[in-house]
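Thanks for coming. I will take a few minutes on one model and go through its surface, its helices and its charged pairs.

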Amino acid sequence: MSSVADQLNSVLQKTARIIELCNALQEENDLLKQENQSIKVALDHSKNKNADLDEKLRVLKLAKSIEGTSEKTLDIKQKINDFVREIDKCVVLLKK
């Protein structure tokens with residue numbers, strides 16, 4: 001049977017190993033948190049870029065719809081007035 005000193009030494013070695021593993025896991029956790037944060041920033045950037053591109057696409061489609069039709073001037077003016085009203089509503093919402 002092992003002596004008490006041997007058992008204590010074994011417990012101390014195992015404790016030291018657990019502390020080393022805990023420190024290694026903490027470092028890995030910190031690195032993963034940093035990586036997660038940078039991915040979140042990249043995702044936000046991509047979302048903003050996507051929203052900008054969607055808006056540009058909408059404007060381009062609108063321009064093509066006005067350009068490619070043979071509507072009367074009155075119909076085009078009506079569409080422009082509708083767009084101005086929609087923009088005014090958006091401005092009011094943004095001011096709130």
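One definition before the rest: a residue is called buried under 20% relative accessible area, exposed over 50%, and partly exposed in between. Asp82, at 35% relative accessibility, therefore counts as partly exposed. Please keep in mind that this is a predicted model.

Start with the overall picture. The protein chain has two helices and zero strands. Of its 96 residues, 0% count as buried. The accessible surface of the chain is about 9,100 Å², and carbon and sulfur atoms account for 60% of that.

Now the charged pairs. In general, side chains of opposite charge can pair when their charged atoms come close. How many salt bridges does the structure hold? The count is three, and I will take them one at a time.

Arg85 has a relative accessible area of 45%, which makes it partly exposed.

Next, helix 1, residues 4-67, where Glu55 is found. Glu55 forms a salt bridge with Arg58, and the closest N and O atoms are 3.0 Å apart. The two side chains are also joined by a polar contact of 3.0 Å. Arg58 and Glu55 are both in helix 1, with a spacing of three residues, about one turn of the helix. Are they buried or exposed, or in between? Arg58 is partly exposed at 42%, and Glu55 is partly exposed at 39%.

The remaining pair I want to show is Arg17 with Glu20, a salt bridge with its closest N and O atoms 3.5 Å apart. These two are three residues apart in helix 1, so the separation is again about one helical turn. Arg17 is partly exposed at 46% relative accessibility, and Glu20 also comes out as partly exposed, at 46%.

Last item, the cysteines. Cys22 has a relative accessible area of 48% and is partly exposed. Cys90 is at 40%, so it counts as partly exposed too.

That is what I have; I can take questions now.

Notes
Residues are numbered from 1 along each chain as its sequence is written. This is a predicted model: local features need pLDDT of at least 70, side-chain atom pairs count only at pLDDT 80 or more; totals for chains, interfaces and linings use all residues. Side-chain values use heavy atoms; hydrogens and water are left out. Buried means under 20% relative accessible area, exposed over 50%, partly exposed in between (1.4 Å probe, protein chains only). Helices (H or I, at least four residues) and strands (E, at least two) are DSSP runs, numbered from the N terminus. Accessible areas come from the Shrake-Rupley method with a 1.4 Å probe; for residues, only the protein chains shown count as cover. A polar contact is a pair of N or O atoms within 3.5 Å; within protein, one must be able to donate a hydrogen and the other to accept it, and residues adjacent in sequence count only if both atoms are side-chain atoms. A salt bridge is a side-chain nitrogen of Lys or Arg within 4 Å of a carboxyl oxygen of Asp or Glu.
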